[in-house]
Amino acid sequence: MFSSSIIRGATVLKVSESTPRTVSRQALRVQAATTKDVSAVDYAKTLPGVSAPFPDVFDPLGCLNNATVPEVRRWREAELTHGRVSMLAALGIVVGEQLEDFPLFYNFDGRISGPAINQFQQVGQGFWEPLVLVIGICETYRVAVGWASPATNFNQLKDDYDIGNLQFDPLGLCPTDPDELYELKTKELNNGRLAMISVAGFVAQEFVNNTEIFQHLFRYLEEEIILEIDDIELEIGAKTITAVPQIVLEELGKVAQ
C-alpha cells in the first residue's frame, strides 16, 4: 500500500544511518534474492510482521521447514493482499450496515438492507460490471509490478520486487527511515491479520442469527442489562421481574422468529 524509498535489488543503504538490526535484515534479503544460501526460516525472520507475543517466527505447523525463499515471498504477498482486502471488507460491513437506510450512492432506492451477508444478492444490475472492470485493472497492475513472467518463472514474484510495494502513496505517508518503514509494515500486517479474523467472525455471526453486527451487539448488551436488573429484583424481593423483550431473544437467535 505504501511506496518504499528502499531501492530494491542489491543496492545497500547507508550503513551509518541504519541500525545493526536493519542492516542485518537488508543483508539477508539481498543475499536471499541473489543466492540460495539463505533458508526460508532465516529469510522469514527478516520480514516485517514478527511481533509480540511471538518474538520469533510464528509457524506452529512447520510450513517453513521445507519451503523455499520464493515460496515465502509469495506467501507474504498473499497474506498482505488478503489483509488489505479484509481491512476494506471489515470497514465496508460495519459502514454499509449503518448506511443501509440512508439514500446514499447506489442505495438511493433503499433496496439494500439487512445483514451484510445478504446485501450481496440485493445489489442490482449496473453495479457489478464497473466493479469487475476496476478490480481487473487493479489486479493487472499488481501483477505487472510484482509478478514474474509465467513463461520464465511460473507463479513466482520478481526477485527485485519489494513485497507489497505497489508504488501507491498519494498522501506521502510512507516514512523514509528504514526502521520506521519496517514498523509501519508490521502494523499494516497485524491490522490485516486482525481484519481477516474479524471478517470471518462477522460472517459467521450473521449466518448464525441473521442479525447485523452492531444490532446483535446492542441486543446482547440489552439482554445482559435486563438480566442484571432481574437479579437485583430477586434480591430485593420484587413482585414482578422484568422480562427480556421477545424481539431481543429473536434477534439473538434464542427463540424462533
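This is a predicted model: local features need pLDDT of at least 70, side-chain atom pairs count only at pLDDT 80 or more; totals for chains, interfaces and linings use all residues.
Reader: Which hand does the crossing of α3 and α6 have?

Author: This is the crossing at roughly 50° where the axes come within 7 Å. The hand of the α3 and α6 crossing is left-handed.

Reader: What is the omega of the cis peptide bond, and where is Pro-53 found?

Author: The cis bond joins Ala-52 and Pro-53, with omega about 5°. Pro-53 belongs to a loop, the one between α2 (40-46) and α3.

Reader: Is Ile-163 buried or exposed?

Author: Ile-163 sits in the loop between α5 and α6. Its relative accessibility is 11%, and the limit for burial is under 20%. Ile-163 therefore counts as buried.

Reader: How many Å apart in space are Ile-163 and Leu-80, C-alpha to C-alpha?

Author: In sequence, 83 residues separate Ile-163 and Leu-80. In space, their C-alpha to C-alpha distance is 8.5 Å.

Reader: What is the phi of Gln-167, and what is its relative accessible area?

Author: Gln-167 is found in the loop between α5 (128-146) and α6. Although Gln-167 is not a glycine, its phi is positive, about 60°. Gln-167 is partly exposed, with a relative accessible area of 45%.

Reader: Where is Asn-210, and what is its phi?

Author: Asn-210 lies in the loop between α6 and α7. The residue is partly exposed, at 44% relative accessible area. Asn-210 is a residue other than glycine with a positive phi, near 55°.

Reader: Which residues form the nonpolar patch on the surface?

Author: Let's begin with Leu-221, found in helix α7 (residues 213-235). Leu-221 is partly exposed, with a relative accessible area of 41%, and a patch residue needs over 30%. The patch has about 460 Å² of accessible area together. Its residues are Phe-214, Leu-217, Phe-218, Tyr-220 and Leu-221.

Note on methods. Residues are numbered from 1 along each chain as its sequence is written. Side-chain values use heavy atoms; hydrogens and water are left out. Patches are made of residues with over 30% relative accessible area and no salt bridge: like charges are joined within 9 Å, nonpolar side chains (Val, Leu, Ile, Met, Phe, Trp, Tyr) within 5 Å. Accessible areas come from the Shrake-Rupley method with a 1.4 Å probe; for residues, only the protein chains shown count as cover. A salt bridge is a side-chain nitrogen of Lys or Arg within 4 Å of a carboxyl oxygen of Asp or Glu. Helices (H or I, at least four residues) and strands (E, at least two) are DSSP runs, numbered from the N terminus. Buried means under 20% relative accessible area, exposed over 50%, partly exposed in between (1.4 Å probe, protein chains only). Axes are lines fitted to C-alpha atoms, for helices over the stretch in contact, and angles run from 0 to 180 degrees between N-to-C directions. A crossing is left-handed if the near helix is turned anticlockwise from the far one by less than a right angle, and right-handed if clockwise.
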